[in-house]
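Work through the exercises below with the structure open. Try each task before reading its solution.

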Amino acid sequence: MAAERLRQLSLAHGDLRLPAFLPVATLGVVRAVDSRDLERAGVEGLVMNTFHLMQRPGSSTIRVLGGLHRMTGWNGPIVTDSGGFQAYSLISENPRNGRITDNGVVFRHPGGRRFQLTPEKSVQLQLAYGADVVICLDDCTHPDAPQEVQEAAVRRTVAWAKRCRDELERGLAHREGRRRPLLFGVIQGGASLELRRRCAESLLELGFDGYGYGGWPLDAEGRLLREVIEYTRELVPRTLPMHALGIGHPANVVACARMGYDLFDSAMPTRDARHARLYALSASSSSGEWLRFVYAGDARHVKVEAPVDTGCDCACCERYSLGYLHHLFKLGDPLFPRLATIHNLRTMTRLTAMLREELDGG
Ligand SMILES: [Zn+2]
């Protein structure tokens, strides 16, 4: 396995060492931290959100501000998601928020504004943003959705992927000199191995630079859909990168990296940080307890002089005690979310570094 795994993804704004965890900067910011904080935490790439950015600050503003890289001061790779997952989330929350047709997705904003996202528009936006990896618009499902819903989603996802590919070629024909972004197709099919296989085969036939595992990745009890996720990885050659979309719990990142997934993104580590759930890695995983959660708001941490994680080299752990963090949290000082976010992200980049070593047999 070690011999054939993809170790690096070379992109227009730099290389990603694989596996890589990409924090989510939904609206062009990883909340509470700036681009320099991210670099210092070892972050190599970010995921930004096409659907949210088209509403705020809006695509014309992003264009005037020089594209996502210049606007956010982030010089590394940016993966933009297609908006498919947000469509799924909003519409499953309340069907009145919008609808999905063969032509694309229509959303109704609470304020009354309507947004339409077609496969073509999703690609045009991602190209205009200057993304390093463009993701095809997909029709996302929950694994518990009925078979006919899953079948329709696969059919639509494949049709949309072809339209996205054609639109990317059209868009690139007009720009010269800039390095082309990669285009990823997303594999849907819910919990059905047969549908996952059908979707993967159709997308492989169309030919993409990489692939994503799409759809809600957990079952009704919140457990990772291991069998389906592992099977889906096996459908795609190891020489092609595969993104486990939305997967970011440290334990799930470890499990999926061992299955051969290369890229991960999730808002979980940064959201956990802001809610004072901090991660600590144990030096050895022999006890099975390699990950601990440190709840910085707990009263028992008031007088803890040690950092959150003695093995961590982040800007938070190098200088500040857990007791001081607890104090900042209780004060509600904005320094708390910044330090906590830096720490959890550094934990994720340390974790992926350990995984790289393990997968190379080190
Ligand atoms: Zn730390």
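**Exercise 1. Find the residues through which helix H11 meets helix H12, then describe how the two helices cross.**

Solution. 
- Step 1: list the contacts. In this predicted model, H11 contributes Tyr324, Leu325, Leu328 and Phe329. H12 answers with Leu335, Phe336 and Leu339.
- Step 2: sort them by class. The contact has seven nonpolar residues.
- Step 3: read the geometry. H11 spans residues 322-331 and H12 spans residues 335-359. Their axes come within 8 Å and cross at roughly 135°.
- Step 4: name the arrangement. Angles over 145 degrees count as roughly antiparallel, and 65 to 115 as roughly perpendicular. The crossing is at roughly 135°, and H11 and H12 are therefore oblique to each other.

**Exercise 2. Give the order of the strands in the open sheet of three, and say which strands stand at its edges.**

Solution. 
- Step 1: set the order. The three strands run S6-S7-S8, with antiparallel pairing.
- Step 2: find the edges. S6 (98-101) and S8 (114-117) each have a single partner strand, so one side of each lacks a neighbour in the sheet.
- Step 3: Neighbouring strands are turned by 10° against each other on average, with direction ignored.
- Step 4: inspect one pair. S7 (residues 104-108) is joined to S8 by four bridges. Phe107 stands opposite Phe115 in S8.

**Exercise 3. Describe the largest pocket: its volume, its lining, and the element that gives the largest share.**

Solution. 
- Step 1: state the volume. The largest pocket holds about 1,100 Å³ of space.
- Step 2: count the lining. There are 44 lining residues. Nearest the centre lie Val24, Phe85, Gln86, Ser266 and Ala267.
- Step 3: trace the elements. Those giving two or more residues include strand S4 (46-49), helix H2 (50-64), strand S5 (78-81) and helix H4 (84-93). Strand S13 (263-266) and helix H10 (268-274) also belong to this group.
- Step 4: pick the main contributor. H4 supplies the largest share, six residues.
- Step 5: sort by class. The lining has 21 nonpolar, 16 polar and seven charged residues.

Definitions and conventions. Residues numbered from 1 in each chain as written. Predicted model: local features only at pLDDT ≥ 70, side-chain atom pairs only at ≥ 80, totals over all residues. Heavy atoms only, no water. Axes fitted to C-alpha atoms, helices over the stretch in contact; angles between N-to-C directions. Parallel < 35°, antiparallel > 145°, perpendicular 65-115°, else oblique. Contact = heavy atoms within 4.5 Å. Nonpolar A, V, L, I, M, F, W, Y, C, P; charged D, E, K, R; others polar. 1 Å grid on protein atoms, 1.4 Å probe; cavity = no way out; pocket = protein on both sides within 12 Å on 5 of 7 lines; lining within 4 Å. Points joined across faces, edges and corners; volume = space filled by probe spheres on them. Pairing = 2+ DSSP bridges.
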